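User: Hey, I'm new to this one. Can you walk me through it?

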Amino acid sequence: MAALVVRPSGPLEGSVTVSGAKNSVLKLLAATVLAPGRYRLHNVPDIADVAWMSDLLVAMGMQTSRPSPGELVVDAPDELVPEAPYELVEKMRASIVVLGPLLARFGRARVSLPGGDDFGSRPIDMHLEALRTLGASIELAHGFVEARADRLRGARIGLDFPSVGATENAMMAAVLAEGTTVIDNAAREPEIVDLAAFLNRMGAVVRFAGSSTIEIDGVRELHPVEHTLIPDRIETATYLAAVGIAGGEITIAGARPDHMDLLVHKLGQMGMRISPCNEGLWAMAPRRLSAVDVSTLPYPGLATDYKPLLVAMLSVADGVAIVTENIFSGRFRYVDELVRMGADVRTDGHHAIVRGREWLSGAPVRAHDIRAGAAVVLAGLRAQGETTVTDAEHIDRGYERFVEKLRGLGADIERT
Ligand code: UD1
């Protein structure tokens, strides 16, 4: 069991390089199911989720290799076993996105139903409804989704909510369907735009029409490609939160400020100065930030994945803030960990009231999930004494060289 030990640190200074986007690479790897041949991906983070997704591709009959840092090569044969076993889907629920592309290419797919996780219950009804709309017959049996279709047919899909995963599954199914598909109320996260770019490079025809509609003209076949991933905006936000909590001045090389306009605006309201620079993003934070209210929404709203980081920042800011979660109702579990560190946070599961304290107090705490884990680590930068974060392998799922990168900025943190 990995643990991280953090001590009060700051002001932070120096430069950190952001890795490629986790939430993009997982979907691009799923898309390699769509055509045989050799794919070459660049800027791929060295994180556990990528290793697990590679394991899933290998279980289906593909080969993957890492010829150099940041590079991932996938060799897809003509035939695959169109199945995603429980052991792998259970580890990483994002692997459900192989369902659409497997079905589109092989006419059948058997994918384990993902369970719930620390965000609470996470249904996939919209994924299944979208595939049914494209003509798939879907049965749920023995913990698996079993889907079949001779050839999917383009159709109009209306999502009840702009779900990231459902949009991706529908897109990857529709690219090989017969005719045109329109996805209304589609998600528009930068990772979805990256997936569309990847698919179009493979020969697909995916268009963004208006602010929440995606149109896809199905094609007969696709081909493998080479692609460079967009940077991880949540990782970027993590280093912004680190400097916001500890104070200081840093540069985040490789960051894309245009993917995170609203967050940059919010942090500006809290007293940070952030601006684009040649390397990526420059950020400066005073010794203590001011509290502001925050509310999560689908992109371009404030991402739910930023929220644990923002709550950690607000717990040491000056003033009182109301935080509203509109995406995952259960996503406040890490609050109990912050409270163990002396934070004054109350939540009903939908809202949290955060009364900022000058200092927190170091304590043994747990990393509940990737971002919640990062948030408690960052809170430790402003907690007197020592904070020990156990279950740190959750953090390794999404962050490449997390400890080394924070140490490079002057944070007092080590892995035990
Ligand atoms: C993705 C991201 C995750 C991020 C989330 C929201 C990946 C690997 N994960 O997760 O980091 O926090 O987007 O930005 O990219 N829902 C249903 N039925 C469905 C699908 C979703 O009710 O069939 C609900 C969910 O329970 C949730 C909301 O829709 O309340 C949004 O979920 P969704 O956008 O699908 O999140 P993920 O794709 O799972």
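This is a predicted model: local features need pLDDT of at least 70, side-chain atom pairs count only at pLDDT 80 or more; totals for chains, interfaces and linings use all residues.

User: In what order do the strands of the open sheet come?
Analyst: The order is β10-β11-β13-β12, with mixed pairing. Strands are DSSP runs of E, at least two residues, numbered from the N terminus, and two strands pair if DSSP finds at least two bridges between them.

User: Which are the edge strands?
Analyst: β10 (156-158) and β12 (205-209), each pairing on one side only.

User: And how many bridges join β10 to β11?
Analyst: Three, and the two strands run parallel. G158 has D184 in β11 as its bridge partner.

User: Switching to rings: how many aromatic pairs are there?
Analyst: Two. Y399 and F402 form a tilted one, 4.7 Å centre to centre with 45° between the planes. Rings of Phe, Tyr and Trp (its six-membered ring) pair if their centres lie within 6.5 Å; planes under 30 degrees apart are stacked, over 60 edge-to-face, the rest tilted.

User: Is Y399 buried or exposed?
Analyst: Y399 is buried, and so is F402 (buried means under 20% relative accessible area, exposed over 50%, partly exposed in between, with a 1.4 Å probe and protein chains only).

User: What sits over the ring of W359?
Analyst: The charged end of R382, 5.6 Å from the ring centre. R110 lies over the face of F144, 3.9 Å from the ring centre. For this, NZ of Lys or CZ of Arg must be within 6 Å of the ring centre and within 35 degrees of the ring normal.

How values were computed: Residues are numbered from 1 along each chain as its sequence is written. Side-chain values use heavy atoms; hydrogens and water are left out. Helices (H or I, at least four residues) and strands (E, at least two) are DSSP runs, numbered from the N terminus.
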